[in-house]
Amino acid sequence: VWKGAPELKTADGWSFKPRGRMQVDVASIDAPAGVTNTRGGVATEFRRIYLGVDGKIPGGFAYRAEADFANSGVELADVYLTYGPGPFSVTAGQIKPFWSLDELTSDLFNSFTERAAFTQAFNFKRRVGLSGQYKGKAFLLQGGIFGDNANDLLSDTNNSFSLDGRAVWMPRLGDTQLHLAGSAHWRQLNDGPSGVRYAPRPFVHTTDARLVDTGVFAVSSERGLGLEGAVLRGPFHVASEAYWQKASRPGFANPTFFGGYAEVGYVLTRGDSRGYKDGAFDRLSPKRPITEGGPGAIEINARYDHLDLNDAGIVGGRQRTLGVSLVWAPISYVRLTANYGHLMVDDAALGTVTGDRDYSADAFGLRTQFDF
Amino acid sequence: VWKGAPELKTADGWSFKPRGRMQVDVASIDAPAGVTNTRGGVATEFRRIYLGVDGKIPGGFAYRAEADFANSGVELADVYLTYGPGPFSVTAGQIKPFWSLDELTSDLFNSFTERAAFTQAFNFKRRVGLSGQYKGKAFLLQGGIFGDNANDLLSDTNNSFSLDGRAVWMPRLGDTQLHLAGSAHWRQLNDGPSGVRYAPRPFVHTTDARLVDTGVFAVSSERGLGLEGAVLRGPFHVASEAYWQKASRPGFANPTFFGGYAEVGYVLTRGDSRGYKDGAFDRLSPKRPITEGGPGAIEINARYDHLDLNDAGIVGGRQRTLGVSLVWAPISYVRLTANYGHLMVDDAALGTVTGDRDYSADAFGLRTQFDF
Amino acid sequence: VWKGAPELKTADGWSFKPRGRMQVDVASIDAPAGVTNTRGGVATEFRRIYLGVDGKIPGGFAYRAEADFANSGVELADVYLTYGPGPFSVTAGQIKPFWSLDELTSDLFNSFTERAAFTQAFNFKRRVGLSGQYKGKAFLLQGGIFGDNANDLLSDTNNSFSLDGRAVWMPRLGDTQLHLAGSAHWRQLNDGPSGVRYAPRPFVHTTDARLVDTGVFAVSSERGLGLEGAVLRGPFHVASEAYWQKASRPGFANPTFFGGYAEVGYVLTRGDSRGYKDGAFDRLSPKRPITEGGPGAIEINARYDHLDLNDAGIVGGRQRTLGVSLVWAPISYVRLTANYGHLMVDDAALGTVTGDRDYSADAFGLRTQFDF
């Protein structure tokens, strides 16, 4: 079987497939003078270079081991062993702890080059843990106990852990796929309060500048609550999320920060539609790829993204983004994404040369991607 | 051919196989107050995430290249090219320099999650070098000249080198596999005396705390002598080793440190037994895996482990460990290991809050593992 | 199809092949007392350990992702996606920006273990960018716009970029392969002048000592011009290159440094010859490998290498090297290279104990290599 790369299989249930992806970005951010300085302007980077494997083992086991080599180092991505011959499965290893439709949708299939600001702000990262999942026909229940990202676990004084759960109702109603979900998260930080910082990048990833930024503050625990909704019907989809992150500060008022987005998308090429599978968006596969003389698949998306990092005496700023994107998949495993975002920032962490902290900025990104 | 992953072969002698392993550990160490502090308690980590390849090349060549990505970096494991159409072979690259049955047995097949304390204390690590091996029916002779671990060779002032040899007598007497071996090692450190430290972890790997520890001291050369014995018969095995490490200190008395262990194990599942191959233990493969409705293979082991780092004026401490382990291999390539160790420490490097340096500690580890 | 490793293919145009190489070096440099000190002498290292994949995607796409793990880290090598169903192709990703026959020839196929001094001195490294190529029967036109090496792009204040082009005339005249080429390069450094240093290693790679070295100086842009010529006929080849690198220094005179080499080689084994393909040398494949009882392929080479880093007030030194090499390829994918270089240095950056800066040094290197 060929899925971008060969998947080797045996009759008794073994399978093995190499996995990989490359994303090359050219992006720019244009902010008022004094904000991004030399960290702005046009820049290029490897956004992700994943290499890894996954496979199935007879008896109901499956595994994946994948890492990102884009930063001239190794950042472990999904690394797990799953056991689940039936609808219920257990997983040991590093995965995403069940938060947010946008986060759980693979970066290969997101509508924009970068995810919603709140998923970055609230430090959503894969974590090592033990989790379980029940997958029914229209229901998905997920929950687990997690430590921290493998990288952060290298410190042997890191004893933080979290409990994370998510429930998805995803009925297929005629030609309409519905997605309604909620997730809840509780995280206990290290032995004492630890420094936490909420600071997303501005629409593109090539800059390290953060227009909004709470700065580091001491937190003993975090609670998160997420709501997700989406509808797919033919070439059309809408999706929206809301997420509240509450940080417990010993001796201070506990801020609750809010982020969310609303998105609408349309696939222009006849017969094509955005994919959906198991509680997340899936691959946009052209019915008429260029290899058969077709146009590939073309999709346009628009999104309003909201993030408010002002609460309980913390002034991290507020960032609202209007974004549009154009996605072209000439064949299933190659994808070009161009997107533009207009950011409106209040109480910015980075001020202009005149000291103004309420301004707007424009960002543009172009991604070339393939995967196997 | 499928060995956890597909091995591709040609009629004229080429072969190629991906290799990988994942080990996720949850472990804890419980020591008297003041010893491990925040570095103790329950912790989780990826112990090893290996990815690599090996293959055969017509004409008698074989190679392997494998690295560990568990620490969000790259640590090269076996990386070599071998030439040997007959019983004699030569190998260029990084391998283990022929010390200790426990060390030379793959970490996939060890009786406990971590190896004997002396193999950690005396800094057994793979080294880059040139070596030869003669493999007869019941004899194995191994020897080589080695530089240092690839990681340590990055310093271009590292001119240390070692000579290492090992002889194994491994007759098959009826149903009984015998293993008797001795190894000798001599290492010249860098241009002048270099800092050396002997300090094993306490039974589990999740903590960096070292209960016994010589601290760093200046050494000009090291000599090692190892003795190994093992018997396998049906479901039963015993194994024991002794190792003497002598460090030459310019201007001071030369200490000789000693470590060793004695182990006994029994495979509970009918028809199963621990593997043995070419001078080391091999895979525990269930005759009745769970895929065929069987119980998999279950093995229990007990070990007394001894390490004495007190000699010639150096007081590194003495660590004795009583350990028991339970291994379950539901199928050949998946393995769960639970083990418990009771450590008795004298002259510990880490004292209790009351300053006591003679105490006991308890450690527990659970490993989930698969490989291909 | 087997090319050192299996290449998997489908009838409709997919292909997938693992890639890898291992190079283990033992090398030494013998310079007058005081020059290299503990950084000289015999040393061993993994020169390169590449692992990666490449493949073809129906519709005219091809990709490669490969990284070097030799330095216990990750250094990305070729990582790109190409589109080109016809003679014209475009490539996005990290490749070599079209400079120098010696540089563009794979390190698997170079005549010596290390490339010409000027390719090291002038910091030729792969860069991320967008490029195009036209490949005719006897013509090759290459050009692109590049940022920087992926590793250097991690700094988000790195805004340097370069324009690079190369034209190759490579007619096949009877039994003679001719190669004539020129390349031009222009690079704008970061927002302001940036520190640049030209300092090659002395013939071997195991030492970090640089006998000639301009030191770091501020540069706003660089211009490079290269000329290449080569002739291959039967077992015989000659090759020569010249390269001028001009550095623009704000407020100072602009130095132009020069490097080049002339090389001659002869393949001793009957019927064998050095390979040539698409503007670079290619694999030396024995017609009678040892697997068929033959001698493999044996090649001898001699080279004069020249580098002058003295100009416009900068005294980086001058290094001339006479080198000879012996290459043995017992089979196509295994190769041993022994080479010796006699270096003559004037105005050296590293002086002898007596303060002498004009001296000679001798270097020796032995490489064991396999690839797939």
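Predicted model: local features only at pLDDT ≥ 70, side-chain atom pairs only at ≥ 80, totals over all residues.
Q: Why is Asp213(A) called buried, and why is Arg197(A) called partly exposed?
A: Buried means under 20% relative accessible area, exposed means over 50%, and partly exposed covers what lies in between. Asp213(A) has a relative accessibility of 16% and therefore counts as buried, whereas Arg197(A), with a relative accessible area of 36%, falls in between and is therefore partly exposed.

Q: How do you know that Arg283(B) and Asp371(B) form a salt bridge, and which parts of chain B does the pair tie together?
A: The side chains of Arg283(B) and Asp371(B) meet at 2.8 Å, N to O, and since the cut-off is 4 Å, the pair therefore qualifies. Arg283(B) lies in the loop between strand 18 (280–282) and strand 19 (297–311) of chain B, while Asp371(B) lies in strand 22 (residues 359–371), so the pair ties together parts that are 88 residues apart in sequence. Both partners pass the test for burial, which is under 20%: Arg283(B) is buried with a relative accessible area of 19%, and Asp371(B) counts as buried at 5%.

Q: What makes Asp54(C) and Arg64(C) a salt bridge, and are these residues buried or exposed?
A: The closest N and O atoms of Asp54(C) and Arg64(C) are 3.3 Å apart, and the pair therefore meets the requirement of lying within 4 Å. The pair links distant parts of the chain, with Asp54(C) in strand 3 (residues 43–57) and Arg64(C) in strand 4 (residues 61–68) of chain C, 10 residues apart. Both Asp54(C) and Arg64(C) are buried. In chain A, salt bridges that share partners join Arg19(A), Asp54(A), Arg64(A), Glu66(A), Asp78(A) and Arg126(A) into one network.

Q: How many salt bridges are counted over all chains, and how many between chain A and chain C?
A: The rule gives 72 salt bridges over all chains, but the count between chain A and chain C is 0. Across that interface there is 1 residue pair in polar contact. On the side of chain A that touches chain C, strand 2 (15–30), strand 3 (43–57), strand 20 (314–331) and strand 22 (359–371) each supply at least two residues, and the largest share, 5 residues, comes from strand 3. By class, this side has 22 nonpolar, 12 polar and 3 charged residues.

Q: What makes up the contact between chain A and chain C, and which residues of chain A supply more of its buried area than any other three?
A: The contact takes 37 residues from chain A and 32 residues from chain C, and the area buried between them is about 2,700 Å², of which carbon and sulfur atoms give 78%. Trp2(A), Phe46(A) and Ser72(A) supply 23% of the area that chain A buries against chain C, more than any other three residues.

Q: How do you know which kind of surfaces, same or different, the copies meet through?
A: Only 8% of the interface residues of chain A are also interface residues in chain C, so the copies meet through different surfaces.

How values were computed
Residues numbered from 1 in each chain as written. Chains lettered and ligands numbered in written order. Heavy atoms only, no water. Contact = heavy atoms within 4.5 Å. Buried area = accessible area lost by both parts, 1.4 Å probe. Polar contact = N/O pair within 3.5 Å; in protein donor to acceptor, adjacent residues only side chain to side chain. Helix = DSSP H or I, 4+ residues; strand = E, 2+ residues; numbered from the N terminus. Nonpolar A, V, L, I, M, F, W, Y, C, P; charged D, E, K, R; others polar. Buried < 20%, exposed > 50% of the residue type's maximum accessible area, 1.4 Å probe, protein only.
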